[in-house]
Amino acid sequence: MARSSPNIILLVVMLFMRGAKVPGLNFSLGATVLPSVLGMGIAFGGMLTLAQYLMVEREDGTLLRAKAIPNGMTGYLVGKIVLASGWTLLGLLLQLIPGLIFFNQVGVNGVGGWLVLVAVIVVGLVATLPLGAILGSLFSNPRNMGLVMFPIMGLIGVSGIFYPITQLPVWLQWIGQIFPIYWLGLGMRSALLPGQLAAVEIGHSWRQPETLGMLLLWAVIGLVVAPMVLRRMARRESGSSVAARREKAMQRVG
Amino acid sequence: MRSAGQVSVLGQDPASGGEAWRARLGIVLQSWRDHGKWKVRELLAHLGEYYVPYSTARDPRPWDPDELVATVGLTEHANKKVGQLSGGQRRRLDVAIGIVGRPELLFLDEPTVGFDPEARREFHDLVHRLADGDHTTILLTTHDLDEAEKLADRILILAGGKVIANGSPDELTRQMSGEAEIRWTRDGQRFVHTSTESTRYVRELFQQYGDKIGDLEVRRASLEDTYMAMVQQFETGQTSGTAATFAEAAR
């Protein structure tokens, strides 16, 4: 449950934002934030959950155990991917269901809307999980999680999650559009908000083909790079490296 | 990944060993903390599944989980969570995980560090059973020379990163000091004599004094004495200090 509490906090914040309006439109800002936050949730769940598992379980020896067992690494990764996806979906539902009840302006736009919603979730997870594996492999110390969180928080700021991206300077808009967080938010908005809201987006459009394209691009990059990084990490895992990390962790506590 | 040199484990370089090769190995390191939320039997059954494709007629893999739990003496804790086990129980579970695939070669890294005497004895019995029952080679490292003497068929002593001795416990003691200490009493008086030819010395002693000899004791140097002597010899023969010296025992 602790894992889902940020989702609930965000939901409460959005409820308080109901009164605020989207600039230039008579539409609740809270209602537009909900789909964006759902998109952000996929990015978070995909990247951070998996990264965190890899960092923590590398320290306690779970990964080394997996390495000692035939096909153990593959089994371990499949398990963690399923688990991270499950947590992400659970968090998503915890926001989506109350959101659909409280914000009557938010709704799935028919069969097409459902298809878009499912597509964004699936492609989003495929795009972000490999990135999580890469992050988790590169940072060996769970206490360095802050280093990972910091740039991601910055990215959220320029990804149009809590405020329309068109209100930002153009160069920041470009940075935001490089990363999947923006596209996940946009994809979710296109599935859950009325068509008129596209007016505050870049190009006054939901840009669904571009969304799909960018997310698939990230998926391809991730799926190519992640196995290489994971293999390198697994190769370097050894009894002495686990012992050294434990030693370091003990020093910090003591 | 090795830092230098060449390694061959079951005929393969560990860096390029495949999954089938991995299935023939068992590894037990010091103080593992993983899988704390799993139940003992569940974890063994789950990890055993990975070995099914590598089962052979000679080595049916994996070991049946219930049998395995009994072998390491954890039957009454089979449904406990791994995180709730005591140190000794946890280590026995680690051994169980190490042997769940019926390995041909089992590595034990200082398996009895921090054990109380009872746990240590139980663990030694377990190692004896493993070594006697199956065709499993066990390689264990230890700082405890009594343990090495008790368990090992062949002992390698490492000092400063080099093998300085190699042989059975008996060979090592013989090789190092052919001398034995002979103690006896005669007419209420105690005598001590050190000789390289202890058997002949004792025979001569009896020829000379016959029934007057009592409390006879012939003591060869223990492995610990041998070890100390070897390490000392090594250190004096070498200018640079040896930071880490440890004994490695192979069974």
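Which residue forms a salt bridge with E181(B)? The partner is R183(B), with the closest N and O atoms 3.2 Å apart, where a salt bridge is a side-chain nitrogen of Lys or Arg within 4 Å of a carboxyl oxygen of Asp or Glu.

## Basis of the model

This is a predicted model, in which local features need pLDDT of at least 70 and side-chain atom pairs count only at pLDDT 80 or more, while totals for chains, interfaces and linings use all residues. Residues are numbered from 1 along each chain as its sequence is written, chains are lettered from A and ligands numbered from 1 in the order in which they are written, and side-chain values use heavy atoms, leaving out hydrogens and water.

E181(B) is partly exposed at 25% relative accessible area, and R183(B) is partly exposed at 29%; buried means under 20%, exposed over 50% and partly exposed in between, with a 1.4 Å probe and protein chains only.

A second pair joins R22(B) to E19(B), the closest N and O atoms being 3.6 Å apart. R22(B) is buried at 17% relative accessible area, whereas E19(B) is partly exposed at 31%.

## A salt bridge between chains

The side chains of D94(B) and R65(A) meet in a salt bridge of 2.9 Å, N to O, which crosses from helix 4 (residues 87-99) of chain B to helix 3 (residues 62-68) of chain A; helices are DSSP runs of H or I with at least four residues, numbered from the N terminus. D94(B) is buried at 1% relative accessibility, and R65(A) is buried at 2%. Both belong to a network of salt bridges that also links D34(B) and R90(B).

Methods:
Helices (H or I, at least four residues) and strands (E, at least two) are DSSP runs, numbered from the N terminus.
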